[in-house]
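This report looks at side-chain pairing, backbone geometry and open space in one protein model. Please keep the sequence and the coordinates at hand while reading.

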Amino acid sequence: MCPESQILCFKHCRSTSIFCKIVPNACPLCQETIDNFLIPPFIIPNPLVNAKDCPCSLVIRPSKGDFLNDFQINNDLHIGITNSQGLVVEYDMCGLIVNDIIRWKNCVSIHMIPESWESHWDELLNKMCSDCQWSPNRYNADTFNCFNFVTYFLKNLKFQHTQYMNKEELCQEFVLPKLEMILKYTLLHKNLKNANVYIQN
């Protein structure tokens, strides 16, 4: 994330958190010049990453738009898989798509395996890329979609408990905890779009 888009948090005159992109000269609560802090400014960790920096991971983004500007909790999600080089393989109505990197610059990453499993991960992903079952004509938004592609991959990977995962288990264990962090972060982002500070009461 570039510095100008970082979100900072600090506390000045009371226990209320103040969020900003640039620390103001005067405290928005007491209006006094800021000479010291109760808690000095620190960067709020951004849960969104660029998929190319996340090898051997599951990556998730909204089906339409992006997390920062468009996402609502009831929006559909799209999931893909990165190989050991950070190339994204995904399945949608066009069939298998490899490395459409533009749409994966602000996504969620779930790292699944230790380094010793990377070659097996790549071999299985390459094998699935040549499997005709992932053709466009088989795609169905409700019954045979990107989540089926990923759960099939995890089942055949046979790493720990992942081979038993279905869509519901995958979402419950990995996706929902990430979404909670994202919703908190995007709320801060939206509140600072047209304001210098956001005070969380």
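## Salt bridges

The structure holds five salt bridges, a salt bridge being a side-chain nitrogen of Lys or Arg within 4 Å of a carboxyl oxygen of Asp or Glu. This is a predicted model, in which local features need pLDDT of at least 70 and side-chain atom pairs count only at pLDDT 80 or more, while totals for chains, interfaces and linings use all residues. Residues are numbered from 1 along each chain as its sequence is written, and side-chain values use heavy atoms, with hydrogens and water left out.

One of the salt bridges joins glutamate 90 to arginine 61, with the closest N and O atoms 3.3 Å apart. Glutamate 90 lies in strand S6 (residues 88-92) and arginine 61 in strand S4 (residues 57-62), so the pair ties together parts that are 29 residues apart in sequence; helices (H or I, at least four residues) and strands (E, at least two) are DSSP runs, numbered from the N terminus. Both glutamate 90 and arginine 61 are buried, where buried means under 20% relative accessible area, exposed over 50%, and partly exposed in between (1.4 Å probe, protein chains only).

Aspartate 100 and arginine 103 also meet through their side chains in a salt bridge, at 2.7 Å from N to O. Aspartate 100 counts as partly exposed because its relative accessibility is 23%, and arginine 103 is likewise partly exposed, with a relative accessible area of 36%. Arg61, Glu90, Asp100 and Arg103 are linked in a network of salt bridges.

## Positive phi angles

Most residues other than glycine have a negative phi. Asparagine 99, although not a glycine, has a positive phi of about 65°, and it lies in the loop between strand S7 (95-98) and strand S8 (108-111). Lysine 158, which is not a glycine either, has a positive phi of about 60° and is placed in the loop between H2 and H3. At 27% relative accessibility asparagine 99 counts as partly exposed, whereas lysine 158, at 54%, counts as exposed.

## The largest pocket

The largest pocket is lined by 23 residues, of which Ser63, Asp76, Leu77, His78 and Cys146 lie nearest its centre. Strand S5 (77-82), helix H2 (146-157) and helix H3 (167-191) each supply at least two residues of this lining, and H3 gives the most, with six residues. On a 1 Å grid over the protein atoms alone, a pocket is an open set of points where a 1.4 Å probe fits, with protein on both sides within 12 Å along at least five of seven lines, and lining residues have an atom within 4 Å of a point.
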